[in-house]
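Work through the exercises below with the sequence and the structure at hand. Each task is followed by a solution in steps.

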Protein chains: 2
Amino acid sequence: MPDIDRTPAPVDSRPHVVIVGAGFGGLACASALGGTNIRVTVIDRNNYHLFTPLLYEVATATLSPADIAEPIRRILSRYPNVDVVLGEVRGVDHGARKVVLADGSFVPYDRLVLATGSVYSYFGHDDWAKIAPGMKTIENARQIRGRLLMCFEQAEMSRDPAQQRALMTAIVVGGGPTGVETAGSIAELTRHTLARDFRRIDPRLSRVLLVEAGPRILASFPEELSGYAERKLARLGVTVMTGKPVEEIRPDGVTIAGEFIPAGTIVWGAGVKASPAGGWLGVETDRAGRIPVAPDLSVPGFEGVHALGDTVALPGDDGAPLPGLAQVAKQQGEHLGAALEANLLRGEAMRPFRYRSRGNTAIIGRNAAVFDFGKRRLKGWLAWVLWAFIHVYLLVGFQKRILVTMQWLWRYATYQRGARLITQETPAPFAKTTASPVAEDSQPFERRRSVG
Amino acid sequence: MPDIDRTPAPVDSRPHVVIVGAGFGGLACASALGGTNIRVTVIDRNNYHLFTPLLYEVATATLSPADIAEPIRRILSRYPNVDVVLGEVRGVDHGARKVVLADGSFVPYDRLVLATGSVYSYFGHDDWAKIAPGMKTIENARQIRGRLLMCFEQAEMSRDPAQQRALMTAIVVGGGPTGVETAGSIAELTRHTLARDFRRIDPRLSRVLLVEAGPRILASFPEELSGYAERKLARLGVTVMTGKPVEEIRPDGVTIAGEFIPAGTIVWGAGVKASPAGGWLGVETDRAGRIPVAPDLSVPGFEGVHALGDTVALPGDDGAPLPGLAQVAKQQGEHLGAALEANLLRGEAMRPFRYRSRGNTAIIGRNAAVFDFGKRRLKGWLAWVLWAFIHVYLLVGFQKRILVTMQWLWRYATYQRGARLITQETPAPFAKTTASPVAEDSQPFERRRSVG
């Protein structure tokens, strides 16, 4: 592919800010720069902004992908100075001040904002990624949904009780908010939604394991809320295993603290690492791949380059790096947008960023969520209602708010879920043939008990 | 895979009816047999029933797949005598009275109902299927949606006016209801939904071609309604080309009546053929692959085997085979279910089926639809409202009705569409890299006009 400038807007005397990534941070930065006399180009490899906090609801068959994804162009179309490029970034040529795309074309910048987020880290076991998808992309969520539902179909057809038991076991690795939310939602799916739809198996007997290597789940929350979440999960039917490191993940199960547990569905929520933006610059990153940034979110040694969100390590007031939360990225994006405007148009110095926590939350299941506002804590029904209101409010677009609210009310009233689809991208080994055994090395189906 | 009986229900003295396919016909038959003293097993390769009449709305970014797909188990779970098997049928061993699945397992039957529907026919050009998907599956619809949206992204990035023009051209082959609905919906998408979201291109200048080999579109409707549809389509911006056979389809365009027209998106709606159920039995089919059935929907020479819907050729009152419509399949399913019950439980003879047309309809776009009730005809706004009411009413599940209604009202009020996602299953050549040229043999991007 030849050497093409992909900038949508014509070159003129305005300064040009290029933002890579249209997640919470990148979008907030672009919006803050919207309507100013600065040229802004947002580059993302997807055409949509994904509301990842609700991705577990796609994976567990409540919501459709489109309910939590809004076209980036649509969100930014009101700002004539902001353009969108759909493209995969391959690197940054800071000498030439260019972002290089996968096809060899480029986007030149005056200021660069790296807001590329994080990916799941498998602690050196990259082969686990295929077996135990995380909760980062629509494709991940569809894969988990297909696998989960397919396991029940296969269990219904199986004549081998051991295999049925394996297929009806889901293991969620990692006891953070995503793991807790996913495990709770899978348990409700099996106990209620699927309960009466099968003849030979009873989905209510399925097992959901939440495995955490550390001493407690929701480690970033106060102990009191961890304990509450553990009790609530137990009541939903989730077996919480803390202090149990995962040693191996195979297509047919997980080895946890020396014991192999056969499972049909395995979901990963154990650790994240920064996206490879650090590598593009060639800066030294921390162990999680994060770029160390100055308090004004600039990358030391790279004049005019800034980074934010999950892709950076910026110490908070307590000296520890700020957590990888949507609200951190969002506040940083808003801050950086305003600071860049002041700097580029009025020559003001870049201001340091300061994080103001709005509170930390996780949902466990029906009528149960936790909030940590620092001094105050909230749990139970009220926390759950608050969680729902906040998440609907934070969705981009009025239509999505209505659709998600509707589907939640529907699920609340009926225990049914509207998106129980096994579509054909469900990967092998689970869906090659609909009746294939759970993994290559497991026993083939046997006609142990004849029918009747 | 060993020789396993997949029947979910235990064998007992009840007769066993096996239905292959959970489309309109198969589901109607299963429901009619629901609650009777007959064992019923429904086999489908998907876990959901798909409301195909609205699939074009998934392909054109209004609805999500889950809005028009309901789990088969969910629909039938109220009937304890009806079981569901998720499986791909490979053949029928009528000597042994067994349906054979792809993995070698089987389901034995006393009576067999083949309700496997139709697939798109490319008139011997099977290689066209990848380039020009039809409108039969969720995967098809997602593919078309991704391609359509990706073309505009690529056009925005292109610097070559000829290539932009090609990318902004969509060709719909076949002027039947599906073709008309798809072309109208694409035109509205480009004229309204996408209109203001791009900077370098104006989506309103895109071309939508509806190509029909015969003398008029909507050939199964009265001429008056064809004319109306053609005028309405023209007003929406669709170029209707009748009497123009498609000679070749390539990844970069279509040759129509000797002229090659470059296009980014090509949709096929030109012809269908029956699914391969006829081949399973080894019966001689008609040219469209349909099984000739007796008036009672039995397959001559195969005692206890029945077939219905798009997969059969049954002459109507006028002697011509009944059309491949959902209502035909549905009425046949209901009839066959009732007839099988009467025959199996009360020894009554199988009754002949008689079709009662409820009218034929097609939607063209906003405020424009046509109805043909035989003696009466309806077109315009009222037809459009009636179309919407009927389609919402026919959806399975209250939640889906609400969701689809909501999204239609939203689109009507705002011209916006909620499902504008390019997801990663969008196939090459369009999505390999986001800025790849439209096809391998087209010219690479050139930096013809420098930016600025």
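**Exercise 1. Strand β9 of chain B**

Task: Find which residue in β20(B) stands opposite B:Leu114, and state with which sense β9(B) and β20(B) pair.

Solution. The model is a predicted one.
Step 1. The residue of β20(B) that stands opposite B:Leu114 is B:Ala307.
Step 2. The pairing of β9(B) with β20(B) is parallel and runs over three bridges.
Step 3. β9(B) also pairs with strand β1 (residues 16-20) of chain B, in the parallel sense and over four bridges. Here B:Val18 stands opposite B:Leu112.
Step 4. Now consider the side chains. In a regular strand they alternate between the two faces of the sheet. In β9 (residues 111-114) of chain B, B:Arg111 and B:Val113 point one way, while B:Leu112 and B:Leu114 point the other way. All of these residues are buried.

**Exercise 2. Helix α1 of chain B**

Task: State how many of the 10 residues of α1(B) are buried, and name them.

Solution. 
Step 1. Helix α1 (residues 24-33) of chain B is mostly covered, with eight of its 10 residues buried.
Step 2. The buried residues are B:Phe24, B:Gly25, B:Gly26, B:Leu27, B:Ala28, B:Cys29, B:Ala30 and B:Leu33.
Step 3. Just after α1(B) comes B:Gly35, with a positive phi of about 85°.

**Exercise 3. A sheet in chain A**

Task: For the sheet that holds β14, β15 and β16 of chain A, give the strand order and the sense of pairing. Which strands stand at the edges?

Solution. 
Step 1. The order is β14-β15-β16, in an open sheet of three strands with antiparallel pairing.
Step 2. β14 (246-250) and β16 (259-262) of chain A each have a single partner strand, so each stands at an edge, with one side left without a neighbour in the sheet.
Step 3. From one strand to the next, the twist averages 20°.
Step 4. β14(A) and β15 (residues 253-256) of chain A pair over four bridges. In this pair, A:Val246 stands opposite A:Ile256.

**Exercise 4. Chain A as a whole**

Task: How many helices and strands does chain A have, and how does its radius of gyration stand to the globule rule?

Solution. 
Step 1. Chain A holds 12 helices and 24 strands.
Step 2. The radius of gyration is 23 Å, close to the 22 Å that the globule rule gives for 452 residues, so chain A is as compact as a globular protein of that length.
Step 3. The C-alpha trace spans about 80 × 55 × 45 Å along its principal axes.
Step 4. Of the 452 residues in chain A, 55% are buried.
Step 5. The domain assignment gives domain 1 (16-45 + 87-121 + 272-346) and domain 2 (128-267 + 366-414) of chain A. Their C-alpha centres lie 32 Å apart.

**Exercise 5. Where the chains touch**

Task: How many residues of chain B are in contact with chain A, and how do they divide by class?

Solution. 
Step 1. On chain B, 66 residues are in contact with 64 residues of chain A.
Step 2. Several elements of chain B each supply at least two residues of that side, among them β4 (69-71), α5 (138-157) and α12 (398-414).
Step 3. By class, the side of chain B that touches chain A has 30 nonpolar, 16 polar and 20 charged residues.

How values were computed. Residues are numbered from 1 along each chain as its sequence is written. Chains are lettered from A and ligands numbered from 1 in the order in which they are written. This is a predicted model: local features need pLDDT of at least 70, side-chain atom pairs count only at pLDDT 80 or more; totals for chains, interfaces and linings use all residues. Two residues are in contact if their C-beta atoms, placed from the backbone, lie within 7 Å. Ala, Val, Leu, Ile, Met, Phe, Trp, Tyr, Cys and Pro count as nonpolar, Asp, Glu, Lys and Arg as charged, and the others, Gly among them, as polar. Two strands pair if DSSP finds at least two bridges between them. Axes are lines fitted to C-alpha atoms, for helices over the stretch in contact, and angles run from 0 to 180 degrees between N-to-C directions. Domain bounds come from an automatic or database domain assignment. The radius of gyration is taken over C-alpha atoms; the globule rule is 2.2 Å times the number of residues to the power 0.38. A residue is buried if 20 or more other C-beta atoms lie within 10 Å of its own, exposed if 12 or fewer, and partly exposed in between; C-beta atoms are placed from the backbone.
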